[in-house]
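Visitor: Please take me through the model shown here, one question at a time.

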Amino acid sequence: MSATTRITVTLPTEQVAELRKLTDNVSGYVAEAVSRRIRHQLLGDDLRRHQEESGAFTDGELAEARAWILGDAAPVGHTDAA
C-alpha cells in the first residue's frame with residue numbers, strides 16, 4: 001500500500017453531491033482523477049519536447065496515433081505473439 005497524506009479540498013456543493021452519487025470512495029475517485037490529470041500533463045510535456053527537438057508531427061504520424069489511441073490499429077512495429 002502506498003503512503004498517503006490527508007488534505008482538505010474545497011469543491012462546489014453540486015460537484016460533491018454528484019460525486020457521492022458516483023462512488024462511496026470519494027478519496028479513491030479523486031486520487032484516480034488526479035493521477036489521470038498528472039499523466040495527461042506529463043504526456044503533453046513529453047509531446048511538446050519531442051516536437052521542439054524533432055519538428056512538428058506529420059499528418060501521417062497524427063493519423064497513426066489517433067488510430068492506435070482509438071483502438072483502430074496496433075502501433076508501428078507491434079506484433080501480437082499469441
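Predicted model: local features only at pLDDT ≥ 70, side-chain atom pairs only at ≥ 80, totals over all residues.

## Helices, salt bridges and surface

Visitor: Into which class of exposure does Asp-45 fall: buried, partly exposed or exposed?

Guide: The relative accessibility of Asp-45 is 27%. A residue is buried under 20% relative accessible area and exposed over 50%, with the range in between called partly exposed (1.4 Å probe, protein chains only). Asp-45 therefore counts as partly exposed.

Visitor: What pattern do the secondary structure elements follow along the sequence?

Guide: Helices (H or I, at least four residues) and strands (E, at least two) are taken as DSSP runs, numbered from the N terminus. The protein has 3 helices and 0 strands. Read along the sequence, the pattern is α-α-α.

Visitor: What percentage of the 82 residues in the protein is buried?

Guide: The protein has 82 residues. Of these, the buried residues make up 5%.

Visitor: With which residue does Asp-45 form a salt bridge?

Guide: A salt bridge places a side-chain nitrogen of Lys or Arg within 4 Å of a carboxyl oxygen of Asp or Glu, and the structure holds 4 of them. In the one formed by Asp-45, the closest N and O atoms are 2.7 Å apart. Both partners lie in helix α2, 3 residues apart, about one turn of the helix. The partner of Asp-45 is Arg-48.

Visitor: What is the relative accessible area of Arg-48?

Guide: Arg-48 is the salt-bridge partner of Asp-45. Arg-48 is partly exposed, because its relative accessible area is 44%.

Visitor: How far apart are the closest N and O atoms in the salt bridge of Asp-46 with Arg-49?

Guide: Asp-46 and Arg-49 are 3 residues apart in helix α2, so about one helical turn separates them. Asp-46 is partly exposed at 43% relative accessible area, and Arg-49 is partly exposed at 41%. Their closest N and O atoms are separated by 2.6 Å.

Visitor: What is the N to O distance between Arg-36 and Glu-32?

Guide: Arg-36 and Glu-32 both belong to helix α2 and lie 4 residues apart, about one turn of the helix. Arg-36 is partly exposed, with 43% relative accessible area. The side chains of Arg-36 and Glu-32 meet in a salt bridge whose N to O distance is 3.3 Å.

Visitor: What is the relative accessible area of Tyr-29?

Guide: Tyr-29 lies in helix α2 and belongs to the nonpolar patch. Tyr-29 is partly exposed, because its relative accessible area is 37%.

Visitor: What distance separates the C-alpha atoms of Val-26 and Val-16?

Guide: Val-26 is found in helix α2 and is partly exposed at 30% relative accessibility. Along the chain, Val-26 and Val-16 are 10 residues apart. Their C-alpha atoms are separated by 9.0 Å.

Methods:
Residues numbered from 1 in each chain as written. Heavy atoms only, no water. Patch = residues over 30% accessible without salt bridge, like charges linked within 9 Å, V, L, I, M, F, W, Y side chains within 5 Å. Areas by Shrake-Rupley, 256 points an atom, 1.4 Å probe, with all protein chains shown as cover.
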